[in-house]
Amino acid sequence: MRTMAKSEPHAADSHDLIRVHGARENNLKDVSIEIPKRRLTVFTGVSGSGKSSLVFDTIAAESQRLINETYSSFVQGFMPTLARPEVDVLDGLTTAIIVDQQRMGSDPRSTVGTATDANAMLRILFSRLAKPHVGPPGAYSFNTASIQASGGFRVDKGAAKTRTEKVTFSRTGGMCTHCEGRGSVSDIDLTQLYDDSKSIAEGAFTIPGWKSDNVWTVGIYAESGFLDPNKPIARFTKKEMQDFLYREPTKVKVNGVNLTYEGLIPKIQKSFLSKDKESMQPHIRAFVERAVTFTTCPECDGTRLSEAVRASKYKRKSIADACRMEIRDLAEWVRSIKEPSVAPLLTALRQNLDSFVEIGLGYLSLDRPSGTLSGGEAQRVKMIRHLGSSLTDVTYVFDEPTTGLHPHDIRRMNDLLLRLRDKGNTVLVVEHKPQTIGIADHVVDLGPGAGTEGGTVCFEGTVDGLRGSDTVTGRHLDDRAAVKDTVRKGDGALEIRGATEHNLRKVDVDVPLGVLCVVTGVAGSGKSSLIHGSVPASANVVSVDQTPIRGSRRSNPATYTGLLEPIRKAFAKANGVKPALFSANSEGACPTCNGAGVIYTDLAMMAGVSTPCEECEGKRFQASVLEYRFGGRDISEVLAMSVAQAEEFFASGEARIPAAHKILERLADVGLGYLTLGQPLTTLSGGERQRLKLATHMGDKGGVYVLDEPTTGLHLADVEQLLALLDRLVDAGKSVIVIEHHPAVMAHADWIIDLGPGAGHDGGKVVFEGTPADLVADGSTLTGEALAEYVGG
C-alpha cells in the first residue's frame, strides 16, 4: 500500500491566490496580476488610474455576479443584474463583501438607527418592557402611521350564492402626525414665489421657469376663472387668496385644453420639494434654498414620534430619549438592564452598540439623519455588521476606509483591517494614506497617470519595494510638506458667536479672512457643525461639500459644468441652425438610440446587454448634425476631446470661445485635464467628482470658499497640486476655509483652528487657534501631536 509523502501538499491548499488575467474594464489595459489570499493588499495610484476599475468593477463585481447565479431565476429577478466584467480569466475568487464610500441615502426618514439594526432591536425592547404599553414593535416606529379601516367584501360560494362579510383593520404606529415622521416641517416663504404688488398679468411670479406664455404654470392661474389676473395679488379677497394658495386639484378648461388647477403651495411642493436638491440645476437649487425653511416640528420636538410613544418609558427613558443619547452612553444604559426575558435581544443590542464605539463612532446618536453623515462615517457605519461576523475566508473590499479620519483615528482603523485579515480573510483596500499603505502585506500600484494614461500595473510587491521603486507613489510615499516660515496676515474676520449646533459648547471664534484657514480636529469634534452650521448666511460663502454628484449616464463633465451651453451656441451661430440640434438629449439625438450611443437590451434576471448603436456608431447624434462643423470639428469630435485638448482648441483662432475656455481652465486647474468632455459622470471616481464640483464653484462670485475635505480620493502627488490651487485662490483675493485632516494641508495653512479635545460630548470646544508652527510647538492636542510627528518624520 502506497503512503502519501508528508511533504506533498493537499490539493485544496494550492488555491491561495486570486488570479486576474486580461482585465480591460474602463481604462484597464490588459491587466494581469496575482493577489495573495488571507493577506492585506493595498491598491494605490493617482486618482483615475484604474484602482476602482480593478478592485470593484472587476474582482468584486464578478464575485457578486457568481454568487447571484447560485440563486433560482425567480430570486434573481428581484436582484440587481450584473454583467460579466471585461476580463479573460478570474480564478480563485471568494465571496466579496463590499464596504464602499457611497453616501447613505438622504431620505428624511432614514437615520443611523434605521440604517443599522439598532432601532429595530430597541423597538422590540420597548414594546416588551416599557409602560404604559403602546403596542407591538411597529407602534414604536416613526415610519409607521396609525391606521383604522372597516368595510365589507363579497365571498362567492358558488351556485349563485354570495355572502357579504364585514372586516375591520387597525394598526398602531408611532409616527408623529404633524410632521409625518420627518422631525421637521417645511415653511414656504411666499415673498420668494411672487411680488404681491403686481397682478398675474403683470408678471407677479418670481419662480424660475414660470414665464407668462406658459399655459401649464402662469397661464392656468390667469385663465382658471378663480382669480382676477389683472388685480394685484395684495388686493385678493380672502376666498381668492385661499383658491390661489391652497385650492384642492380641480379640472378646468384653458383655451380649450383640459387641465388640473391646484393651489400654488401644493403645486410648489410637488414640483420642487419632492425632488432631490442635488439633482436640480444650480439656479433652481438656489431658489429652493431661498424659498423653503425647515423648522423642528413643534408637536414632537424633532423626535418624529407620537405623544403616546414618548410617554411610554422604561427606566425613566422613552425610545426617543434612548435614540437621542450618544451611542457610547446608550451602550452603558443597555448594559445596566438585567431582564432575563429579553436576554438574547440585550446581548445582540450590546454587541451592535459596542461595535459603534469600537469603530470610533460612539459620538453619534441613533436619531442622527443618515444623509448628514460624511463619506467616512457612512463607510464605518456599513463596517459595523461585519466586525463581529464569524465568517472567514471571505474577501473584504474597502474604498479609502481612512476618509474623514484624523491621523489619531487612522491607527484604530488600521487595527480593524488587520483584525479582519487575521481571522483568515482576504482584505483588499483602495487607499492613498501612507499610514495605511504602510501596514500592507502586498501592494499593487496602478498608473502611471490617470484616465487613458493609466490602467497598467506599475509595481507589485512589498511596501519597502514600493518605496524603492521609481513609480509616482513610490517617489511621493515619504513626502512631507514643511511648515511655512512666513504666513499671510488676515484681512478681517468672520465672527462666530455662541455656536451651539450639535455638540458645540457656545463656541466663540474669529475665522480670519484673506488667508488659508484650516479647521481640524478628530472625527466628531464639531468641525462641520462650526463651519456649515454656524457661518452666517450673509457671509457670501461658496460651499463645496462632499455630497455626491447626481447624474445618469447621459450626464458628463460638459453638461454638468455648463460648458456645453456656449459650445452649442457657437456651433448653431456658425451654421445658422438651432442650438438644440447639438444636444444628444434633445433634437440632435440619434433616433435609433435616443442619444444614448448604445442600445440596451433587458434580459430579465440575466445581465442586460449594451451594444453600440449601429446607426450613429456610438456618436449619439443624427448623421445630418455631424455634417455641421465648427473650427473643423463636428460636435461628437469635440465631446471626444480631453479637457487639455479642448482648452487648447477653444483658446484661439476660428474656434475661440472665451466662455468655454474659462470653464476648461478651471477643470485643468483642479487636475482634471485628462477627462474627456463626454465621459459619463457615472464612470468618475469619488475624487474626480469632488474636483469637478470644485471647478464649477470656482466661477461663483462668493468671497469665502468653504471646502470639506478636498483631499478625499487624492493621491499624494495630487495633494501638491491642490495646495497650489488653494494658494492661487487666496492670492486672487478669496478667503479659503478648509475642513481637513490631511497633515500636508495643515502644514501649508496660514491659520489653524483645532476642535476637540475628543468627539461628541468630549468635543465641541476650540482647543487651539494659531499658526501651524505654533501648533507643532504647543503639542498639547491630538492634532498637534500628529502634525509634529508628520513634520518631524
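1. Axes are lines fitted to C-alpha atoms, for helices over the stretch in contact, and angles run from 0 to 180 degrees between N-to-C directions. Helices (H or I, at least four residues) and strands (E, at least two) are DSSP runs, numbered from the N terminus. With that in hand, take helix 4 (residues 118-129) and helix 12: their axes come within 10 Å and cross at roughly 150°. The crossing is left-handed; that word applies if the near helix is turned anticlockwise from the far one by less than a right angle, and right-handed if clockwise. Helix 4 brings Ala118, Met121, Leu122, Ile124 and Leu125 to the contact, and helix 12 brings Leu345, Leu346, Ala348, Leu349 and Asn352. Contact means heavy atoms within 4.5 Å.

2. A word on the source. This is a predicted model: local features need pLDDT of at least 70, side-chain atom pairs count only at pLDDT 80 or more, and totals for chains, interfaces and linings use all residues. Residues are numbered from 1 along each chain as its sequence is written, and side-chain values use heavy atoms, with hydrogens and water left out.

3. Helix 12 (residues 343-358) also packs with helix 11 (residues 327-335), at an angle of about 155° and with the axes 9 Å apart. Helix 11 and helix 12 are therefore roughly antiparallel (under 35 degrees is roughly parallel, over 145 roughly antiparallel, 65 to 115 roughly perpendicular, the rest oblique). Helix 11 passes helix 12 in a left-handed crossing. On the helix 11 side, the residues that meet helix 12 include Ile327, Leu330 and Val334. Among their partners in helix 12 are Leu346, Leu349 and Leu353.

4. Now helix 6 (residues 238-246). Which of its residues are buried? They are Glu240, Asp243, Phe244 and Leu245. Buried means under 20% relative accessible area, exposed over 50%, partly exposed in between (1.4 Å probe, protein chains only). These buried residues pack against helix 5 (215-223), strand 10 (257-261) and helix 7 (264-273).

5. Phe244 also belongs to a ring cluster, with Tyr194, Phe205, Trp210, Tyr221, Phe226, Phe236 and Tyr261. Rings of Phe, Tyr and Trp (its six-membered ring) pair if their centres lie within 6.5 Å; planes under 30 degrees apart count as stacked, over 60 as edge-to-face and the rest as tilted. The charged end of arginine 247 sits over the ring of phenylalanine 226, 3.9 Å from its centre. Here, "over" needs NZ of Lys or CZ of Arg within 6 Å of the ring centre and within 35 degrees of the ring normal. Arginine 633 does likewise over phenylalanine 649, at 5.3 Å from the ring centre.

6. How many aromatic pairs does the structure hold? There are 18. Phenylalanine 582 and tyrosine 628 form an edge-to-face pair, 6.0 Å centre to centre with 70° between the planes. The pair links distant parts of the chain, 46 residues apart. Phenylalanine 582 is buried, at 1% relative accessible area. Tyrosine 628 is partly exposed, at 26%.

7. Asparagine 585 lies in the loop between helix 20 and strand 22. Is asparagine 585 buried or partly exposed? At 47% relative accessibility, asparagine 585 counts as partly exposed. Leaving aside neighbours within four places in sequence, asparagine 585 is in contact with Arg554 and Arg620.

8. Threonine 303 sits in the loop between strand 11 (292-296) and helix 9 (307-311). Threonine 303 is buried, with a relative accessible area of 13%. Not counting residues up to four places away in sequence, threonine 303 touches Arg310, Ala320 and Arg324.
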